Structures are given as C-alpha cells and as structure tokens.
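Good morning. Please look at the sequence and the model on the screen, and I will go through them in order.

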Amino acid sequence: MLRQRLAYAFAGAATMVLISVAPGVARAQASVGPAPMPGAAAQPFALGGLPFTVGLQERTTYDTNVARGNDINAAIRDVNTADWIIAPSVTLNYSSANPRQGFALKGYFGYDYYVRNEILRRESIDVSAAGNATFGRCVVGGQLAYDRGQSGLEDLTLLVTKNTIQTYTISANESCAIGPAVTQTISVHHSGTQNSTSSLVDYDTNGVSGSIGYSNRALGTVSLVASYDKTDYKNRAVVILGTPNSLESTDIGVSISRPIGARLAGHAGVFYNTSTSNLGPGALPGQNSDFDGLTANAGLTYTVGPRLVLNANLARDVQATIRQTAAYSVDDRIDISAGYTLSSRIHLSLGSTWSKQSFRGTAPLVLQTAPNQVDLWTLTAGASMRLGRNSALSADYSHENSNTDLALFDFKSDRISLTISTSF
C-alpha cells in the first residue's frame with residue numbers, strides 16, 4: 001500500500017505491473033478495485049529484443065533540495081540542501097509471453113551515491129516476478145515483488161533522516177469467463193513494510209478482492225467490485241500514545257472500461273470505502289480514526305496519431321502509514337502526460353501531477369513533527385534518444401512545489417538528470 005512513493009532510476013512502489021506482459025492475463029483479467037496511478041512520464045525506449053537482457057545504467061542527478069523542507073528543516077536534519085546523486089545500476093529483464101503460460105522477471109540493483117550527504121547514501125533494489133497459466137476458460141496468476149531503499153525525507157518525521165525502508169508483496173489471482181459476456185475474478189495478497197528506524201511503524205497487510213463483470217459492445221466492461229484489507233501495525237520499539245494497532249478497509253463499488261472510438265479509451269471506478277482503526281488503550285481524547293466516504297480512480301488515453309499519445313488519470317484512496325500518531329492517510333492525485341515520438345530514435349515526454357495527502361486519526365495532544373496536510377505539484381519533462389540498437393541517452397527535468405500545514409516541510413525543488421544505458 002505504498003502507492004504514493006515516487007523515485008528515480010526505476011525505483012518506486014513494488015506493484016506487480018509485470019503481469020501485463022502475459023497476453024492471456026491481460027485480456028482476461030478485469031479490474032478489481034482502486035489501482036496505483038501510472039507515472040506521469042512516458043516510458044523510454046525499450047532496449048534489445050531478446051527474452052533475457054542485462055542492462056547497465058548510470059544516472060547523474062543534480063537536486064536543489066534533497067532535504068524536502070525549508071532551510072531550518074535541513075539544519076535540524078544536518079543535511080546539505082543541494083546535492084549531486086550518482087546512481088549506477090544493473091538491470092535484469094526476462095519475459096516469456098506465451099499466451100497460455102507466461103512468465104516475467106524484472107530486477108533493478110543500484111546504489112544512490114550522494115556527493116555531499118553521506119547519510120543518504122544507500123542501495124536501491126527493486127525486484128519483481130509474475131507468472132500465469134491458462135486452464136480452459138480460466139487464467140491463474142501469481143506475483144512477487146521486493147523493494148528496498150532510502151525513504152524520501154518528505155515521508156519521514158522531522159527527527160528521522162536515515163531510514164532504509166523495504167517492502168514485499170505476494171499475490172495470486174484467478175479470472176474465469178463464465179459465459180460469452182460474463183467474467184469473475186478473485187485476488188488475494190499479502191504485503192509487508194519494514195523500517196530500519198525504531199520510531200517508525202512496520203506493518204503487514206492481508207487482503208482479498210473480487211469482481212463480477214459484464215461486457216458488450218455498447219457498454220464496454222462493467223464490473224461490480226468488492227475488496228477488504230486488514231493492516232496490522234507492529235514492531236514499535238518506541239511507542240507514542242495515539243498510535244493505532246490496526247486498520248481495516250472495505251471497498252464496494254462499480255468500475256467500467258471501454259474504448260471510445262478508435263483513438264480514445266477510458267476506465268473509471270467509484271467505490272464506497274469504510275475504514276476503521278483500532279487505537280486500543282492508547283487512544284487520546286478527540287482522536288477520530290474512522291473514515292466513511294468515496295474513493296475512485298479514472299483514466300483516459302487518447303492516441304492523437306502515430307506519434308502523440310495523451311494520458312489523464314485521477315485517484316482517491318485510503319492508505320496505511322509508517323508514521324506514529326496517525327491512523328491512515330487519504331490520498332488524492334491527478335496526472336496528465338503526453339508522449340511524443342519525434343523519430344524512430346527520439347522520444348519526448350511532458351507531464352504534470354497534483355496530489356493531496358491528508359493524514360487522519362492524528363493524535364491531537366502530541367507534538368507535531370510531520371505535516372498532516374501535504375499539497376504537492378510536480379512538473380516533469382524528458383527526452384530519450386536511442387543510440388544504436390541497445391543503448392540510449394536520456395535527460396529529465398522535474399520541478400516540485402510542496403505546501404503543508406507545517407512550514408518546516410514547505411519546499412521547492414528542481415531536479416535535472418542525465419542517464420546513459422545499454423543492454424545485452
């Protein structure tokens with residue numbers, strides 16, 4: 001449930017998107033609930049054409065504000081505001097897109113070397129695997145994912161700087177065609193989040209979701225969706241009053257997806273969410289830990305022509321949190337992006353993201369060391385050029401502007417990155 005984390009160099013939330021390389025699953029599986037939002041930037045060129053490839057990459061980034069806060073924030077954390085980040089990495093990719101039995105493996109193994117901030121130097125690992133098999137009218141699949149790296153400082157309390165966060169996800173799903181127009185899906189998952197800093201919260205999540213979908217030419221695919229997740233917060237060496245023991249979240253709603261003409265395709269889902277936290281005997285007066293309201297996701301893809309593709313996405317969801325004294329967060333997000341293929345070797349991208357994160361169930365009598373409201377606006381631009389068959393050079397720029405209810409975490413940041421990569 002770490003959908004909000006963004007990172008460079010193929011890092012990020014360890015969600016299992018690799019299942020889409022297996023056409024059998026991609027065609028048969030219906031949406032079963034709120035999904036992570038796609039990134040705003042267009043994908044760079046795929047390198048190589050072999051089932052198994054090994055890649056080498058070096059990304060150099062200049063960031064004007066690695067502290068993700070104002071100057072006082074940086075001084076408290078003893079962090080130099082501007083820094084160069086040198087990030088060499090090795091990637092492994094394997095895919096077997098057999099329509100009846102597919103398997104995909106993806107791995108990123110890198111190290112983020114901060115020139116001025118030794119405390120932020122850390123390994124960056126992102127590994128995922130997915131497989132599927134077809135049995136008559138049904139497709140059965142499984143996914144594994146693991147992610148490890150330094151937490152973004154904007155996600156931590158003021159008194160924490162060095163934190164290695166690692167997440168893992170194990171999930172399985174099945175999708176069956178009941179008839180010519182009706183499908184059903186069931187998915188189960190288990191995930192865990194662990195932090196190296198004892199004042200942060202580790203948690204495990206177990207969940208199940210299912211849907212019944214109906215398809216026809218006029219409506220597209222309409223699905224009735226239900227999901228349930230339970231998160232157990234644990235392993236707090238330093239306990240602060242007002243920190244919950246668990247979070248239960250239930251979604252019930254409807255999703256629809258369909259092409260709209262030859263060039264426009266869209267999907268949308270609206271869900272009623274009920275979330276309840278168990279605060280236990282540590283609850284403080286005035287601490288409200290329940291949520292009842294709507295969550296949603298929607299997206300449009302418009303293929304303007306063979307060169308230009310436009311995307312727009314929005315989402316609202318309830319998330320668990322690694323922070324003590326908060327029960328959960330409600331995350332709203334809007335993404336728009338454009339990808340333009342200038343030539344067979346040059347690809348351009350432009351995107352913008354707005355997000356709002358609201359922490360709920362916060363303890364009112366505890367000293368605030370992290371923001372409870374975060375508004376973040378991001379602008380991204382990139383260019384990628386293929387060099388020969390298996391190499392590429394890319395340049396990326398991003399600007400971030402964050403406004404919060406705790407001025408120490410207000411910041412503006414500009415990042416410029418240059419990446420060279422090759423595969424064999």
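Accessible areas here come from the Shrake-Rupley method with a 1.4 Å probe, and for residues only the protein chains shown count as cover. By that method the protein chain exposes about 19800 Å², and carbon and sulfur atoms supply 62% of this area.

Before going on, two notes on where the values come from. This is a predicted model, in which local features need pLDDT of at least 70, side-chain atom pairs count only at pLDDT 80 or more, and totals for chains, interfaces and linings use all residues. Residues are numbered from 1 along each chain as its sequence is written, and side-chain values use heavy atoms, with hydrogens and water left out.

Next, the chain as a whole. Its 424 residues include 46% that are buried. Buried means under 20% relative accessible area, exposed means over 50%, and partly exposed is in between, with a 1.4 Å probe and protein chains only. A contact means heavy atoms within 4.5 Å. Of the contacts with a separation of 6 or more, 61% are between residues 24 or more positions apart.

The chain has 2 helices and 18 strands. Both are DSSP runs numbered from the N terminus: helices are H or I with at least four residues, strands are E with at least two.

Two strands pair if DSSP finds at least two bridges between them. Strand β7, residues 182-195, pairs with strand β8, residues 202-216, in the antiparallel sense over 12 bridges. A hairpin of 6 residues joins β7 to β8, and Val182 stands opposite Tyr214 in β8.

What does β8 pair with in the antiparallel sense over 15 bridges? The partner is strand β9, residues 220-234. These two form a hairpin with 3 residues between them, and Tyr203 stands opposite Tyr233 in β9. As background, in a regular strand the side chains alternate between the two faces of the sheet.

Last, the disulfide, meaning a pair of cysteine sulfur atoms within 2.5 Å. The structure holds 1. It joins Cys138 to Cys176, with S to S at 1.9 Å. Why does this pair tie together parts that are 38 residues apart in sequence? Because Cys138 lies in strand β5, residues 138-150, and Cys176 in strand β6, residues 164-177. The torsion about the S-S bond is about 115°, so the disulfide is right-handed. Cys138 counts as partly exposed because its relative accessibility is 22%, whereas Cys176, at 12%, counts as buried.
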